[in-house]
Number of protein chains: 2
Amino acid sequence: MTKRANTLTSGRPTVVILGGGFGGLEAARSLAQSPVNVILVDKKNHHCFQPLLYQVATASLSPADVAWPIRSIIAGQENAAVIMGKAIGIDMTSRTVSTSSGQCIPFDYLILATGVTSSHFGHPEWAKYAPGLKTIQDATLIRGRILSSFERAERSSEDVEKDKALTFVVVGGGPTGVELAGSIADIAHNALARDFRNINPASAKVIIVEAGARLLASFPKGLSAYARRALSCMGVEVLTNAAVTGCDENGVILSNGRRIASECIIWAAGVQASPAASWIGVKGDRAGRITVDEHLRVPGFHNVFAIGDIACSNSNGRPVPGLAPAAKQMGHYVACYIVQDLAGGLAKPFKYRHQGDLATIGRKSAVVSLGRLRIKGLLGWLFWSAAHIYFLIGARNRAVVALNWIWEYVTFQRGARLIN
Amino acid sequence: MTKRANTLTSGRPTVVILGGGFGGLEAARSLAQSPVNVILVDKKNHHCFQPLLYQVATASLSPADVAWPIRSIIAGQENAAVIMGKAIGIDMTSRTVSTSSGQCIPFDYLILATGVTSSHFGHPEWAKYAPGLKTIQDATLIRGRILSSFERAERSSEDVEKDKALTFVVVGGGPTGVELAGSIADIAHNALARDFRNINPASAKVIIVEAGARLLASFPKGLSAYARRALSCMGVEVLTNAAVTGCDENGVILSNGRRIASECIIWAAGVQASPAASWIGVKGDRAGRITVDEHLRVPGFHNVFAIGDIACSNSNGRPVPGLAPAAKQMGHYVACYIVQDLAGGLAKPFKYRHQGDLATIGRKSAVVSLGRLRIKGLLGWLFWSAAHIYFLIGARNRAVVALNWIWEYVTFQRGARLIN
């Protein structure tokens, strides 16, 4: 148990990876047997399993159930070291990354995998009222806001205030938005049903607002329609073709002029890439992402790559989606590319294999699109649950998450109802 | 599932309980079948199982594993309502409690169960450097500080800085102090053993500082001596007869003049009662606790009680200790007292039955003192584990905590290593 890996072997080329998300972690692990030193830099000490973050935000799971120390994950990998630190700049002349704690990390190859944050359509001032869901901190903040809204309603003596406190707005009709809206409806109808004396939590209004024509735009139309019906059955009001044009402490204003009074708005719409593009002096796309070539290299550099959500890339003539499996494939590809490059060869271009789309809608209901296969309802939900437990890191997290889901399924309760 | 309890029955006498800890909660539950209305007020939405809080602070358990929504706990109790709010004053003339959100809660009986916070021997400025462990927030803060210390040591290039970062000081040799010191030593020797490249986490120094002559002063001397030996075997330096006379960002200064350089100091020494005494205009004792009569009534009032850590009371001529079982017994007693008072009778004086003392020292080791029974080592640890799981609230928490402990026992890992 007490054996420690040696410090890195000197003389080997160094691969520095910025970001310990799905892409960065996969790149690091894929280089385990290669004659390189790997340095993984992340401002957090943990990898976050983002697909289940909405369950932390809605009190089903604890932060530690969907997060895992990056050091632990690669503790056994002798050619890798982890630096907890925030990258703040890259010097391409000296080939070094600098961090906010004053470190200077030299590299031979650099993999940018710093991901995205929420973007509020050019209105950063909305973030205060409508937090996005990208980190553990976001999730516990949102959890507190949702639960506090019911407390405020219970305390309130005026109907207008009560209604406002019991109105929840989710902006964005992608998987995260759909999952959040379904979960909040479930909290109101089930988890809190017996807990209050002055309000009926089931009278809460949950509204999902999507600027496009349908929910789950990346899914087949049939599954989008199913998701809409399923959410409606759960009491969620689904607004499509409705853009948010204003957002403040009183609620949101929609493009059709409607005002929705709410103190609990959650942002699951646009994303903005982290500032890695500017660090290396390239121009990002509208969302700040770095356009890469067919080898996921940043144009102008043979040794700098961008992967995951921060990369704007194409495969088979179509854009690669911002999904965890895509990030992992990119991480694995770049690791292989570097190994071949060191051997003097050139890897084939990156090819993205789409594994499918999954989203839960609520208790016992999910939509799954795998190639030509379409699954919905309970069967979809079972598939979704099994897939997510399989992809979690670590036996403990798998067991705890499974146990929580079974318990929640049986009791209708949610185990992590903490207001911090 | 969706049945809601009615609002409270009008015309019944109202018992207001301030504080949803062990005492307040037990009082509320004990009144479930009585012809009164119960209003439980707490500034948090959750009851915290304080005896296991040190396991949150040392990354073994998640906050939600040791906390439970107060509303859920008494959701089924039709004569009880919960108000989440911070009490800020009591008007004994109008018999009302006021809260920070502007509510005014009338009572016929009032039970003060607001507990204690950490006290730094009259030096509130030390709290910043040496946080106490009383709430979930304290626990996650301390967890972050412990884990960050290892990160700082790993980053550091100077030996003096490294040593300082790897020195942990626990002030106070009671059960919480002993449990924290043992757990930090276990983190250093086991959980982090393989994770770093520039430091050996096992070289961390853990020092426990106790002003009195021995650790665990409330336990029999033999168990105190065993605890000292067991901690020493785990590499913990035990300092007794050593008071802290100074504390700042550089570490602590002891009464014997010794300076210990440390950036991670945890306070498990004195406590200070919450300000309830001043709300009702009585003079608290040195720790701010309210001295009560043999019926746990506040002198001068026949309808106001103080229970749990905030009460200074005697039973059989000896002071009642600040333990969870004592608080529960007091809560139950006051509930019975009120019922008898309403019926025109007078209850017998409160009698505390001491159930025993328990403290873990580390993996596979605990000390247990039950009447004449003394258990230590592995058997004590098994007894301690079983007792704590039994007293946890809710099947989910029991299952999750048991699963975490088994996993930790087998793998030597800790499942909640998050730096927030």
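**Conventions.** I number residues from 1 along each chain as its sequence is written, and chains are lettered from A in the order in which they are written. The model is predicted, and local features need pLDDT of at least 70, side-chain atom pairs count only at pLDDT 80 or more, and totals for chains, interfaces and linings use all residues.

**Entry 1: relation of the copies.** I superposed the chains by least squares on the C-alpha atoms of residues with pLDDT of at least 70 in both. Chain A can be laid on chain B with an RMSD of 0.0 Å by a turn of 180° and a shift of 0.0 Å along the axis. The two copies are thus related as by a two-fold rotation axis.

**Entry 2: the interface.** The contact draws 46 residues from chain A and 47 residues from chain B. On the side of chain A that touches chain B, the elements giving two or more residues include β4 (67-69), α4 (136-155) and α11; helices are DSSP runs of H or I with at least four residues, and strands are runs of E with at least two, numbered from the N terminus. I noted that 100% of the interface residues of chain A are also interface residues in chain B, so the copies meet through the same surface.

**Entry 3: the α11 pair.** I next examined helix α11 (residues 395-411) of chain A and its counterpart in chain B, whose axes come within 11 Å and cross at roughly 170°. That makes α11(A) roughly antiparallel to α11(B) (the term applies to angles over 145 degrees). Axes here are lines fitted to C-alpha atoms over the stretch in contact, with angles from 0 to 180 degrees between N-to-C directions. Among the residues that meet are Leu403(A) and Trp407(A) in α11(A), and Leu403(B) and Trp407(B) in α11(B).

**Entry 4: Ala269(A).** I found Ala269(A) in the loop between β17 (264-267) and β18 (271-273) of chain A. With 23 C-beta neighbours inside 10 Å, Ala269(A) counts as buried (20 or more is buried, 12 or fewer exposed, and in between partly exposed, with C-beta atoms placed from the backbone). Leaving aside neighbours within four places in sequence, Ala269(A) is in contact with Val171(A) and Gly172(A).

**Entry 5: positive phi.** Arg95(A), in the loop between β6 (87-91) and β7 (96-99) of chain A, has a positive phi near 50°. Asn241(A) also has a positive phi, of about 50°, although it is not a glycine. I recorded Asn241(A) as partly exposed, with 13 C-beta neighbours inside 10 Å.

Methods
Angles under 35 degrees count as roughly parallel, over 145 as roughly antiparallel, 65 to 115 as roughly perpendicular and the rest as oblique. Two residues are in contact if their C-beta atoms, placed from the backbone, lie within 7 Å.
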